[in-house]
Amino acid sequence: MIIPVRCFTCGKLIGDQWEEFARRVKAGENAGEVLDGLGIKRYCCRRMLLSHVELIDEVLRFYEEAEKRKEARHYY
Amino acid sequence: MVRYGVSKQVEIKVLERDDRNIRLLIRDVDIPFMNALRRTVTSEVPSMAVDDIVVLENSSVLQDEIIAHRLGLVPLKTDLKSYNLPEECSCKSEFGCNLCRVTLTLDAEAKEGTRTVYSGDLVSENPEIVPVSDKIPLIKLAKEQKLRLEAYVRLGKGKNHAKWQPVSMCAYKYFPRMTIASKRCDACGKCAEICPKRVLAKSENKIVVRDLMACTLCQDCVNACPQNPPAIEVGGEENAFIFSLDSTGALPPEKILTEAVKILDEQLKELESQIKVKKSEES
Ligand code: SF4
Ligand code: SF4
Ligand SMILES: [Zn+2]
Ligand SMILES: [Zn+2]
């Protein structure tokens, strides 16, 4: 749903790296190199970021849509 | 020969260190000692974590329980001097007092549009006890969603919950010892090729050890050697270890180690006194 705070296996803090990782990978950088640059060495921690899908963004869309409709109703 | 116990002169060398991680070479100790140290670090050294939360308002898409779990895992900078473990505190109160509890509050509302609430939005009553990083996403709120809560931070030990572990990794391995019989080795390079850690390298007509510390003693190079018996031998030194520790950021790595040694010392003294009591009872 949302990026886990820590690695499931070893417990290293990885949540704070997600936004930078996602941004740089989206910009076209090589994911492995970004992870090396962030100092994430173990493969348990690397898969946390590599395999993550930020589903909460999809869920929030329903609320954003509902909000827009509400505003539109006010308008007319 | 395997020696038991710790000799008088333990040799410790720092191989690497930064503000979170430390790697040591420890000589003249044995496995029981190393393991005791490791286990003390992971399960006995206290650190701080959110233990209880009171949710005042939550209209977000995540349930209270998930938020509580996420908050629990946020590593916090720990002050061992000014705070007591709740079970050892003089207040004897389940709720805690100023010496065994820190309150964090969060009051977040998405006014403009969708926003992310970060660990940096937590307001601590003690500015020393704050999340290790300000950028940990706690939750995302859509417009008009609210999250208000109070979180109570307590000291605890890793043996009760992993969130109280001060380390994310604490492990040791044998110090590798490698011998290459230069007479039998024909420098075919098979061992250098197969090594997953690239410990060995072929240079001219000889095999050289590039980075001995990286060796995991996997024995792949020995198995790959076409000579019979293999020209390369890999083993561990009996009384030397490479000890590595990754702090979560709650405490500096060397502080974790000194704290662990102190706790281990106290426990051994306790054991000794109990044995003495038992003996005097018997006689
Ligand atoms: S034991 Fe494994 S890691 Fe060590 S040198 Fe041989 S192949 Fe490399
Ligand atoms: S595989 Fe054996 S023979 Fe070949 S270079 Fe390595 S040690 Fe020498
Ligand atoms: Zn990990
Ligand atoms: Zn108290």
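This passage describes the predicted model shown above, taking its domains, sheets, helices, contacts and ligand surroundings in turn. Because the model is predicted, local features are reported only at pLDDT of at least 70 and side-chain atom pairs count only at pLDDT 80 or more, whereas totals for chains, interfaces and linings use all residues. Residues are numbered from 1 along each chain as its sequence is written, while chains are lettered from A and ligands numbered from 1 in the order in which they are written.

Chain B is divided into domain 1, covering 1-45 + 166-283, and domain 2, covering 47-163, with bounds that come from an automatic or database domain assignment. The C-alpha centres of these two domains of chain B lie 37 Å apart. Between them, 10 residues of domain 1 of chain B are in contact with 11 residues of domain 2 of chain B, two residues being in contact if their C-beta atoms, placed from the backbone, lie within 7 Å. On the side of domain 1 that touches domain 2 in chain B, the residues divide into 4 nonpolar, 4 polar and 2 charged; here Ala, Val, Leu, Ile, Met, Phe, Trp, Tyr, Cys and Pro count as nonpolar, Asp, Glu, Lys and Arg as charged, and the others, Gly among them, as polar.

In one open sheet of chain B, 4 strands are arranged in the order β1-β2-β12-β9 with antiparallel pairing. Helices (H or I, at least four residues) and strands (E, at least two) are DSSP runs, numbered from the N terminus, and two strands pair if DSSP finds at least two bridges between them. Strands β1 (11-17) and β9 of chain B stand at the edges, each with a single partner strand, so one side of each is left without a neighbour in the sheet. Neighbouring strands of this sheet are turned against each other by 30 degrees on average, direction ignored; axes are lines fitted to C-alpha atoms, for helices over the stretch in contact, and angles run from 0 to 180 degrees between N-to-C directions. Strand β2 (residues 21-27) of chain B is joined to strand β12 (residues 232-247) of chain B by 7 bridges in the antiparallel sense, and B:Asn21 stands opposite B:Asp246 in β12(B). Helix α1 (residues 31-43) of chain B packs on the sheet, where it touches β9 and β12 of chain B and makes about 155 degrees with the direction of β9(B). Helix α5 (residues 253-282) of chain B also packs on the sheet, touching β1, β2, β9 and β12 of chain B, and its direction makes about 105 degrees with that of β12(B).

Another open sheet of chain B has 4 strands in the order β3-β8-β4-β6, again with antiparallel pairing. Its edges are formed by β3 (47-58) and β6 (123-124) of chain B, each with a single partner strand, so one side of each is left without a neighbour in the sheet. The antiparallel strands β3(B) and β8 (residues 146-156) of chain B are joined by 10 bridges, and B:Glu57 stands opposite B:Arg148 in β8(B). Helix α2 (residues 64-73) of chain B packs on this sheet, touching β3 and β8 of chain B, with a direction at about 155 degrees to that of β3(B).

The contact between the chains takes 23 residues from chain B and 17 residues from chain A. On the side of chain B that touches chain A, the elements giving two or more residues are α2, β7 (137-141) and β9 (167-180) of chain B, and the largest share, 3 residues, comes from β7(B). The residues of this side of chain B divide into 11 nonpolar, 6 polar and 6 charged.

Around ligand 1 there are 13 residues, of which B:Cys195, B:Val199, B:Cys215, B:Cys218 and B:Cys221 come nearest; a residue is near a molecule or strand if its C-beta atom, placed from the backbone, lies within 6 Å of it. The shell around ligand 1 has 9 nonpolar, 2 polar and 2 charged residues. Of the 14 residues around ligand 2, those that come nearest are B:Cys185, B:Cys188, B:Lys190, B:Cys191 and B:Cys225, and this shell divides into 10 nonpolar, 2 polar and 2 charged residues.

Two backbone features remain to be described. Most residues other than glycine have a negative phi, and most peptide bonds are trans. A cis peptide bond, with omega of about -10 degrees, joins B:Asn228 and B:Pro229, and B:Pro229 is placed in the loop between α4 (220-224) and β12 of chain B. B:Lys92, although not a glycine, has a positive phi of about 50 degrees and lies in the loop between α2 and β4 (102-109) of chain B.
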